[in-house]
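Here is a short briefing to read alongside the sequence and the 3D view. It goes topic by topic.

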Amino acid sequence: MTERDAAKKIEKLRNEIRRHEHLYYVLDAPEISDAEYDALMNELKKLEAANPALVTPDSPTQRVGGKPAEGFKKAQHSRPMLSLDNAYSQEELADWDRRVHELAGNLPVEYTAELKLDGLSVALLYQPGPNGSAQLSSGLTRGDGQTGEDVTTNIRTIRSVPLTIPVEKLKKAKLPQEFEVRGEVVMPEKAFLRTNEQREQEGLAAFVNPRNSAAGAVRTLDPSLVANRGLVFFAYFLLVDGEYFAAGQTATLDALTALGFRVNPHRERVRTVEEMLKFINDAETRRASLGYEIDGVVLKVNGHATQQRLGYTGRAPRWAIAYKFTAQAAISKLEDIMITVGRSGKLTPTAMLTPVFVGGVTVSRATLHNADFIERMGLKIGDWVRVERGGDVIPKVAEVVHDAEHPRGTHKFSFPANCPECGNAVVREEGEADWRCVNADCPAKLRESLLHFASRGVMNIEGLGEAAVAQLLERGLVKSVADLYSLSEEQLVGLERFAEKSARTLLNEIERSKKAGLARAIMGLGIRFVGERTAELLAQEFGSIDAIMSASREELERVEEVGPRISEAIEDFFARPANRTLVQALKDAGVNMTAQKKQRTTQLEGLTFVLTGTLPNMTREEAKEKIEAVGGKTAGSVSKKTSYVVAGEEAGSKLDKARELKIPVIDEDGLKALLQGKAPSK
């Protein structure tokens with residue numbers, strides 16, 4: 001196949017894959033099976049591998065790629081991402097409606113009612129791409145409203161976010177090549193429950209609700225992990241030249257749909273408080289069946305001119321308000337309290353309830369947090385309790401209900417003095433809420449440690465699930481995670497459901513895990529308080545497990561986000577001879593315990609760059625990475641704080657703004673000179 005033929009085939013495949021991604025992730029109307037989609041993607045990957053010069057940043061294969069980030073840079077929003085004022089009753093809603101009419105004067109007042117999604121607000125900047133298209137340039141979290149974190153690489157993994165918007169869609173939406181889209185990243189309930197199951201296997205604390213889970217995922221440093229979290233992006237705001245879309249909110253949602261974004265279908269134009277309340281009641285009724293969390297309804301004045309007349313307070317627009325739902329609750333009987341033991345030895349209490357319907361699901365268990373929570377509540381077995389599901393998919397016991405219909409229980413619960421798994425005494429360190437089993441040989445701890453070590457987010461040993469781990473422990477084949485690397489085919493074939501082929505497959509998975517890298521290996525050790533992000537930062541800072549083991553607490557605390565509690569936990573972990581023995585055993589087995597150290601260069605420190613137009617030899621993302629790698633910052637808009645504007649072909653309004661403010665403008669060669677420590681040519 002000639003390069004020209006390959007280019008045609010590649011472009012055809014890309015367009016076909018993009019169409020199926022839009023059908024699946026935006027319209028919820030897939031036309032092909034997952035296997036057929038994977039076949040198309042694999043064909044594209046093979047063609048691109050054979051023709052690397054034809055790989056482009058907006059190819060579907062490039063959504064996940066590259067090394068984990070070294071941390072998130074800060075960037076200023078083009079205009080502040082403000083909060084919304086809240087209403088909790090019909091009276092408060094009516095008061096707001098009255099104020100809107102008074103301030104609007106003779107301008108028309110009509111509202112767009114939308115569901116209030118419970119997720120993470122982000123801003124996506126699109127800038128000119130080839131052939132009149134618009135390409136995703138950057139993605140920022142809300143942050144403090146003025147400045148957010150640049151999470152572009154992670155946003156690219158969300159398949160409901162278009163990487164490129166073709167010129168045909170721009171014309172349909174009547175938009176230029178440069179604009180900004182704001183919306184909400186949410187985690188569907190199924191993905192949330194799946195994520196928490198995985199975190200529990202890893203010995204990590206479960207996320208409290210989908211919003212926390214979505215926020216945690218977007219701020220994960222490894223984009224390949226983000227891609228597996230099942231995040232969805234809903235668009236609801238559109239800005240052009242830093243101003244909200246002048247056609248109004250309803251037209252904004254229509255334009256976003258035309259551009260190919262996922263826009264929530266549950267929206268309506270309303271005029272009166274009565275119509276608002278009907279939409280709110282309908283939304284609360286359908287809340288349980290949506291498959292994602294909402295915590296209210298947002299009402300926005302539809303007309304742009306009326307929005308401008310109403311203006312803003314110090315923190316919120318006067319033309320929008322959020323009506324917040326009350327928590328969903330039901331009363332159930334506390335039948336028992338179950339104690340489970342995690343890999344760190346933590347004893348976790350769970351309420352076992354008479355099944356009750358709460359917020360669209362049947363609940364039979366609820367979190368009780370720890371012994372202090374049970375004590376504060378004065379809980380007794382047989383009590384009637386109020387169970388809530390607010391923004392929390394995981395139900396919680398909110399209070400004890402005591403009246404004529406709901407008598408108090410009679411059996412006071414006492415937290416066990418001994419581990420329910422091994423029978424050894426449990427301890428609670430001063431200042432901590434949790435009781436723990438400190439027996440190093442506790443079977444529950446070893447079981448959970450093995451499951452954590454093998455889990456997808458750690459060493460990713462596929463096939464080493466609960467059934468296999470249980471058999472390995474029963475046969476005495478493993479005494480620690482390091483023993484996994486000395487298993488033989490003969491040993492595995494003797495286990496239930498393990499034939500020669502499945503045994504070899506598992507051994508290949510175990511062998512492959514040796515290359516997972518230092519950050520994954522650190523997570524696999526199960527050090528208290530050291531999760532995914534901290535492990536990545538430690539790996540980048542020290543470069544080897546030996547350097548981390550020998551580091552002082554002061555050296556550890558120089559690492560971003562490592563404070564006294566984490567440094568103490570790391571020091572305590574490596575002070576134990578058994579843990580050092582484990583590390584040595586893993587190294588002897590061939591597990592990679594090294595990483596590329598973060599290089600610290602600061603030649604562009606203090607300088608802020610704005611990129612506009614198409615550069616001849618590097619993508620905007622590549623230019624951004626090169627600038628930030630040597631200490632510089634990038635911003636999405638030109639201001640007096642901008643040091644340089646880097647302009648390529650078809651540079652837009654930012655170039656005009658730079659000239660107006662007399663900001664130095666350089667081309668790609670000028671940028672390369674600065675990156676090399678030279679002055680740019682004039």
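Is Asp38 buried, partly exposed or exposed? Asp38 has a relative accessibility of 40%, so it counts as partly exposed, between the limits of 20% and 50%. The model is a predicted one.

**Domains and annotated sites**

- The domain assignment divides the protein chain into domain 1 (3-54), domain 2 (86-269 + 294-303), domain 3 (329-427), domain 4 (443-514), domain 5 (518-589) and domain 6 (608-676).
- Between the centres of domain 1 and domain 5, taken over C-alpha atoms, the separation is 41 Å.
- Asp38 sits in helix 2, which covers residues 34-50.
- An unreviewed UniProt entry lists Asp38 under "binding site", along with other residues including Asp34, Glu114, Arg142, Lys300 and Lys324.

- Five strands make up an open sheet in the order 2-13-12-3-11, and their pairing is mixed.
- Strand 2 (85-87) and strand 11 (267-270) are the edge strands, each pairing on one side only.
- From one strand to the next, the twist averages 30 degrees.
- In general, the strands of a sheet pair through backbone hydrogen bonds, either parallel or antiparallel.
- Strand 3 (residues 111-117) and strand 12 (residues 294-301) run antiparallel and are joined by seven bridges.
- Ala113 has Leu299 in strand 12 as its bridge partner.
- Helix 9 (residues 249-259) packs on the sheet, where it touches strand 3, strand 11 and strand 12.
- The direction of helix 9 makes about 55 degrees with that of strand 3.

**Lys116**

- Lys116 is part of strand 3.
- Lys116 counts as buried because its relative accessibility is 19%, and buried means under 20%.
- Setting aside neighbours within four places in sequence, the contacts of Lys116 include Ile294, Asp295, Gly296 and Val297.
- Lys324 is also in contact with Lys116, and Lys324 is one of the "binding site" residues in the unreviewed UniProt entry.

**Aromatic pairs**

- The count of aromatic pairs comes to 14.
- Tyr126 and Phe261 have ring centres 5.7 Å apart and planes at 90 degrees, so this pair is edge-to-face.
- The pair links distant parts of the chain, 135 residues apart: Tyr126 is in strand 4 (residues 120-128), and Phe261 is in the loop between helix 9 and strand 11.
- Tyr126 is buried, with a relative accessible area of 0%, and Phe261 counts as buried at 2% relative accessibility.
- Phe237 and Tyr244 form a tilted pair, 5.0 Å centre to centre with 50 degrees between the planes.
- Both Phe237 and Tyr244 are buried.
- Tyr236, Phe237, Tyr244, Tyr312 and Trp319 form one aromatic cluster.

Technical notes
Residues are numbered from 1 along each chain as its sequence is written. This is a predicted model: local features need pLDDT of at least 70, side-chain atom pairs count only at pLDDT 80 or more; totals for chains, interfaces and linings use all residues. Side-chain values use heavy atoms; hydrogens and water are left out. Two strands pair if DSSP finds at least two bridges between them. Helices (H or I, at least four residues) and strands (E, at least two) are DSSP runs, numbered from the N terminus. Axes are lines fitted to C-alpha atoms, for helices over the stretch in contact, and angles run from 0 to 180 degrees between N-to-C directions. Contact means heavy atoms within 4.5 Å. Buried means under 20% relative accessible area, exposed over 50%, partly exposed in between (1.4 Å probe, protein chains only). Domain bounds come from an automatic or database domain assignment. UniProt positions are given in the numbering used here, feature names are shortened, and annotations may be inferred rather than shown by experiment. Rings of Phe, Tyr and Trp (its six-membered ring) pair if their centres lie within 6.5 Å; planes under 30 degrees apart count as stacked, over 60 as edge-to-face and the rest as tilted.
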